[in-house]
Amino acid sequence: MSHPALTVFIKELVDALRDRRTLMVVLISSVAIGPLVLMLVSSLVGGIEKRAEERVLLVQGIEHAPTLRNYLERQTYTITDAPADFEQQLKDNRLGDPVLVVPPNFEADMAAGLVTTVEMVLSSSNQRAQAGSGAVQRLMRGFNQEQAVLRLAVRGVAAAQMEPLRLEERDLADAGARAAQLGTMVPYFVLMAVLYGALNAALDTTAGERERGSLEPLLMNPTARLSLVLGKWGAVVTVAMLIAVLSCLSFLPGQWLIRSESLAAMFRFGLREASYFIVLLFPLACALSALLMAIAIRCKSFKEAQANATVVMLAVSMLPLVTLFNLQGAQAWHLWVPALAQTTLMGRVLKGESLGAGDLLPSFLACLVLGALSLWFVTRTLRAAAVK
Amino acid sequence: MIEITGLHKTFNHGRGRNKRVVQAVRGVEFVARDGCITGLLGSNGAGKTTTLRIAAGLITPEQGRVVVDGIDVATYPQQALSRMGVLSDARGLYPRMTARENIVYYGRLHGLSRTAADDRVKDLAYTLDMQPLLDRRTEGFSQGERMKTALARALVHDPPNIVLDEPTNGLDVMATRSLRNALRRLRDEQRKCIIFSTHIMQEVERLCDHVVVVAQGRTVAQGSVAELNARAQQSDFEETFVKLAFKPDDRQPGDRP
């Protein structure tokens, strides 16, 4: 003889897993999308890197500027003539580089010591050309400086007078910390995977059960209401964790597909990180499943419950943004807020930090309280929900 | 045996200005004996479903009590429920599960072992003539097929007391007849106590040994069909019901006296 909660658990799990269509949608949206976005970002970054390596500059009217050509060639740049309709191509996103336009009087102005204007043409809606504009600006600044130094030297002024202050960068972030910047999206995707995994099962076992009129007969069984609720909750948590685990594991092969080598070197997501993520996500899955059930049990239909659950979805997707806009840095209270705590901790795992019990305890406790309160509410509301 | 005494229940609908207090049940009482089909007859909104929900422990009454085989439902709901099979107004099935799985699930919740539940499914499928349905998913079942599955589910633990809330709703003639035969068999062969709520006179005339007429939340009369006809001095049971359940001013003009 098995415990009634186990009977409910098995039934709800089988029922949820038979909902193939919903499961497929959840799998696609939360398991496949993460690695897919990772690949897209990598191909974008890879493209930019490739173009930077090629060192090609598109110029119109280079024949008017032998001095500039000389400088650019010394910087090992290949100069290519811009296509005639480059403005249209830039607008239509067909051209991926900004275009430098040299005026006909360039060389004459230069010789006369006048200020010459060259145009850098790009479209701010064209992301690829935008990315290349930094390199062109740096080139022009270099050319400017060289010309200035030469002109001053002719007049007997030391070049150092031009530059009383020199700025040097020293980056303190190691490879792991740099990888974490890219990795911020991985915690976000697995967090949403937990939520999407729990959502349908949580709504189906509560509001869905009310809508199809099976909650009333269910309560006419001599089973303690807590057993019913625990069984249902267990099934929801299992489905949520199943999706979360698949989502975490999907990033393992996902990163082999990263095209950019420097990106692949920076993005470190191995089995260690995946297991840390799963441990961190488990209490959150427990709490969120219970919370979604508590929200849905008050609703008469699946549709109404979906509308109400939007608040939770919004909160969970917005909370991680706190770490993006954190002006005061990481705060102690972040670890007490479910979803925010998990994002923060997963971020630290990606940075290569190891987490101690002191880091995990606040989020575990917060999830425990939230989960227990929600389950208590569901148990209390179940009977009233059945007859309304 | 199910004994119901002096039930009272009010519901509050709406909030604030729109708040309305509805007295659903105010003095329903009757006794349903073993080996007897007791009909709960009343028009729509008379309080039948509320009475049966109180009997199943889903609603707590403000006054009165329901005793099932000597067990008070309000005090020991689980013990009372294990002696009752209730087919309620809501009879939703799980669409992604087969009829057999739906029935076995309830059997397991009643504490039956897997094999005992499977055996009961076989028996019930024979009694309710639903063998071909057992291994189909209930998605796409007809009204009658759903009804049979829900009834089998309510009876899976072989309860001595059976409570059915308008079980013939939506059933065609043949399904209704087969349900009536099944209920008679349960009464005669197994001496079950059966409560059957309905608003259809024919049902009551053909099936019930004892009739409880409920109107505006009260028991207004009870007895066998013949006794009630005699009391109302009518030969037609429908006329008897109208005379017993409604005040003279509420009856439709043009009705026979």
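Helix axes here are lines fitted to C-alpha atoms, for helices over the stretch in contact, and angles run from 0 to 180 degrees between N-to-C directions. Helices (H or I, at least four residues) and strands (E, at least two) are DSSP runs, numbered from the N terminus. This is a predicted model, where local features need pLDDT of at least 70 and side-chain atom pairs count only at pLDDT 80 or more, while totals for chains, interfaces and linings use all residues. Residues are numbered from 1 along each chain as its sequence is written, and chains are lettered from A and ligands numbered from 1 in the order in which they are written.

Start with H15(A) (residues 340-350) and H16(A): their axes come within 10 Å and cross at roughly 155°. The two are therefore roughly antiparallel to each other (under 35 degrees counts as roughly parallel, over 145 as roughly antiparallel, 65 to 115 as roughly perpendicular and the rest as oblique). H15(A) passes H16(A) in a left-handed crossing, meaning that the near helix is turned anticlockwise from the far one by less than a right angle; clockwise would be right-handed. On the H15(A) side, the contact uses Ala341(A), Gln342(A) and Leu345(A), and H16(A) brings Asp359(A), Pro362(A), Ser363(A) and Ala366(A). Residues are in contact if their C-beta atoms, placed from the backbone, lie within 7 Å. Sorted by class, this contact has four nonpolar residues, two polar and one charged (nonpolar covers Ala, Val, Leu, Ile, Met, Phe, Trp, Tyr, Cys and Pro; charged covers Asp, Glu, Lys and Arg; polar covers the others, Gly among them).

Next come H8(A) (residues 185-211) and H13(A) (residues 302-318), which pack at an angle of about 155° with their axes 10 Å apart. That makes H8(A) roughly antiparallel to H13(A), and their crossing is right-handed. Among the residues making the contact are Leu195(A), Leu199(A) and Leu203(A) of H8(A), plus Ala305(A), Ala309(A) and Met313(A) of H13(A). The contact divides into eleven nonpolar, three polar and two charged residues.

## Where chain A meets chain B

At the interface, 20 residues of chain A are in contact with 23 residues of chain B. On the chain A side, the elements giving two or more residues are H1 (4-18), H9 and H16 (357-387). H1(A) gives the most, with five residues. By class, that side of chain A has eight nonpolar, five polar and seven charged residues.

Leu219(A) is worth a look here, sitting in H9 (residues 215-219) of chain A. Buried or exposed? Leu219(A) is buried, with 22 other C-beta atoms within 10 Å (20 or more counts as buried, 12 or fewer as exposed, and in between as partly exposed, with C-beta atoms placed from the backbone). Leaving aside neighbours within four places in sequence, Leu219(A) is in contact with Leu382(A), Arg383(A), Ala386(A) and Leu58(B). Leu219(A) and Leu382(A) are 163 residues apart in sequence, yet 8.4 Å apart in space, C-alpha to C-alpha.

## Domains of chain A

Chain A is assigned domain 1 (4-42 + 176-387) and domain 2 (55-168), with bounds that come from an automatic or database domain assignment. Taken over C-alpha atoms, the centres of these two domains of chain A are separated by 52 Å.

## Two aspartates in chain B

Asp69(B) has a positive phi of about 45° although it is not a glycine. Asp69(B) is in the loop between E4 (63-68) and E5 (71-72) of chain B, and counts as partly exposed, with 16 C-beta neighbours inside 10 Å.

Asp158(B) also has a positive phi, near 50°. Its place is the loop between H5 (143-154) and E7 (161-165) of chain B. With 15 other C-beta atoms within 10 Å, Asp158(B) is partly exposed.

Methods
Contact = placed C-beta atoms within 7 Å.
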